[in-house]
Amino acid sequence: MVLSAANWHLLSRSAAWGQLLLRNGSVYTPASGFQEEEIREKLLAFPGGSVDLVKQESGIAVLTVNHPARMNAFSGSMMVELEERVSQLEGWMEGKGLIVQGAAGTFCSGSDLTAVRAISNPQDGVRMCMFMQNALTRLLRLPLFSVALVEGRALGGGAELTTACDFRLMAPGSVIQFVHKHMGLVPGWGGATRLVRIVGSQNALRMLGGALKVDPEMGLRIGLADGVLEGSQAGEESGACALLEAKQWLGRYTEGPAPVIRAIKAVVQSGRELPLEVSLRAERDVFGSLWGGPVNLQALVSKAKHK
Ligand SMILES: CCCC(=O)SCCNC(=O)CCNC(=O)[C@H](O)C(C)(C)COP(=O)(O)OP(=O)(O)OC[C@H]1O[C@@H](n2cnc3c(N)ncnc32)[C@H](O)[C@@H]1OP(=O)(O)O
């Protein structure tokens with residue numbers, strides 16, 4: 001069976017595993033009683049900043065959390081924009097990689113405390129948390145390799161955002177800190193659940209319980225960081241260099257045809273989330289979509305040697 005990228009996507013959307021990971025990528029749906037439109041309207045009442053997406057021909061996109069006046073804190077409208085950008089990425093069949101960064105040399109200081117104060121009743125708080133859990137779960141489930149480029153600080157919800165990427169790259173002097181305890185909170189955007197899966201429950205307990213400032217050295221040691229940037233430049237140039245370095249770093253994983261790169265992410269993602277037998281079937285389906293396909297046949301013809 002020879003499948004184009006578009007047909008591969010159709011197959012993935014129709015198969016059982018695809019329904020789980022792609023079409024029904026949200027955790028909370030109208031069927032489970034979640035009225036997304038209601039909280040969307042409330043969030044839009046707290047504007048400021050933006051979440052910008054640039055898709056490049058190389059198949060790598062850059063998502064920028066952009067609210068420098070508030071250290072890139074998420075206003076309500078930015079939460080809505082994040083969800084919209086994730087939708088755009090879900091429809092981008094040529095996509096292979098994604099870099100998530102903050103504007104102006106710092107990552108993100110979590111939720112905008114001005115907006116949070118205005119919706120501090122528990123009901124709206126839980127709805128906001130469900131909205132963000134949906135958006136970040138869909139971000140992590142995208143069939144492309146994602147990396148959080150952490151410069152400056154990733155605090156609170158900003159730390160949670162880093163865990164919704166496949167990898168984290170830290171710049172020298174950067175810090176990832178789950179400050180929730182100091183705010184009388186626990187993570188609510190899915191960050192605790194994802195953190196346990198990344199660093200294990202002991203490290204997660206230490207990080208959350210002590211509101212630890214994780215620097216690049218500690219990040220590497222506990223497996224939260226996947227790499228540290230060299231970053232010798234200062235100021236604006238430093239941001240451009242960091243982005244270039246992140247693109248080069250990601251390139252080692254995204255080099256190659258999109259259907260294969262996306263399939264690799266899909267099989268790992270199903271292994272991460274699904275019960276063993278369901279994941280094995282998913283792997284079989286993805287394998288079947290590539291076997292005998294153009295890339296596979298080309299490799300056979302060229303008698304590839306893996307020295
Ligand atoms: C489920 C989600 C849970 C959450 O995310 S709760 C939020 C967790 N985040 C925080 O508590 C961050 C609080 N902010 C800070 O600790 C510090 O501002 C921070 C980020 C270390 C930066 O410190 P400095 O470099 O000294 O800069 P600064 O304090 O003067 O900040 C510059 C301007 O940014 C503002 N800002 C920073 N973080 C914000 C936030 N999360 N929400 C709203 N505004 C925020 C800060 O108020 C200041 O504004 P202004 O210049 O005074 O008008």
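Start with Lys303, which sits in the segment after helix 13 (294–301). The model is predicted. Lys303 has a positive phi of about 45°, although this residue is not a glycine. Is Lys303 buried or exposed? Its relative accessibility is 68%, so Lys303 counts as exposed, since the cut-off for that class is over 50%.

Now turn to Ala211. Its phi is also positive, near 45°, and Ala211 is not a glycine either. Look for Ala211 in the loop between helix 8 (191–209) and strand 8 (213–214). The relative accessible area of Ala211 is 5%, so this residue is buried, because buried means under 20%.

Ser279 is another buried residue, with a relative accessible area of 9%. It belongs to helix 12 (residues 276–290). Which residues does Ser279 touch, once those up to four places away in sequence are set aside? They are Ser270, Gly271 and Leu274. With Gly271 there is a polar pair: a polar atom of the Ser279 side chain lies 3.3 Å from the backbone nitrogen of Gly271.

The largest nonpolar core holds 50 residues. Within it, Phe74, Leu98 and Ile176 touch the most other members. Helix 6 (residues 122–141) gives this core its largest share, seven residues. Take Ile176 and leave aside its neighbours within four places in sequence. Its contacts then include Val150, Ala154, Ala159, Met170 and Leu212. Charged side chains have a place here too: Arg168 and Lys213 are also in contact with Ile176. A separate core of 16 residues lies apart from the largest one, and its members include Ile99, Phe167, Ala171 and Ala246.

Finish at the ligand. A backbone N or O atom of Leu113 is 2.9 Å from a ligand nitrogen. A polar backbone atom of Gly157 lies 2.9 Å from a ligand oxygen. For Ala69, a backbone N or O atom is 3.2 Å from an oxygen of the ligand. On its own, the ligand has 970 Å² of accessible area, and the protein covers 58% of that.

Definitions and conventions. Residues are numbered from 1 along each chain as its sequence is written. This is a predicted model: local features need pLDDT of at least 70, side-chain atom pairs count only at pLDDT 80 or more; totals for chains, interfaces and linings use all residues. Side-chain values use heavy atoms; hydrogens and water are left out. A polar contact is a pair of N or O atoms within 3.5 Å; within protein, one must be able to donate a hydrogen and the other to accept it, and residues adjacent in sequence count only if both atoms are side-chain atoms. Accessible areas come from the Shrake-Rupley method with a 1.4 Å probe; for residues, only the protein chains shown count as cover. A nonpolar core is a set of buried Ala, Val, Leu, Ile, Met, Phe, Trp, Tyr and Cys residues joined through side-chain atoms within 4.5 Å. Buried means under 20% relative accessible area, exposed over 50%, partly exposed in between (1.4 Å probe, protein chains only). Helices (H or I, at least four residues) and strands (E, at least two) are DSSP runs, numbered from the N terminus. Contact means heavy atoms within 4.5 Å.
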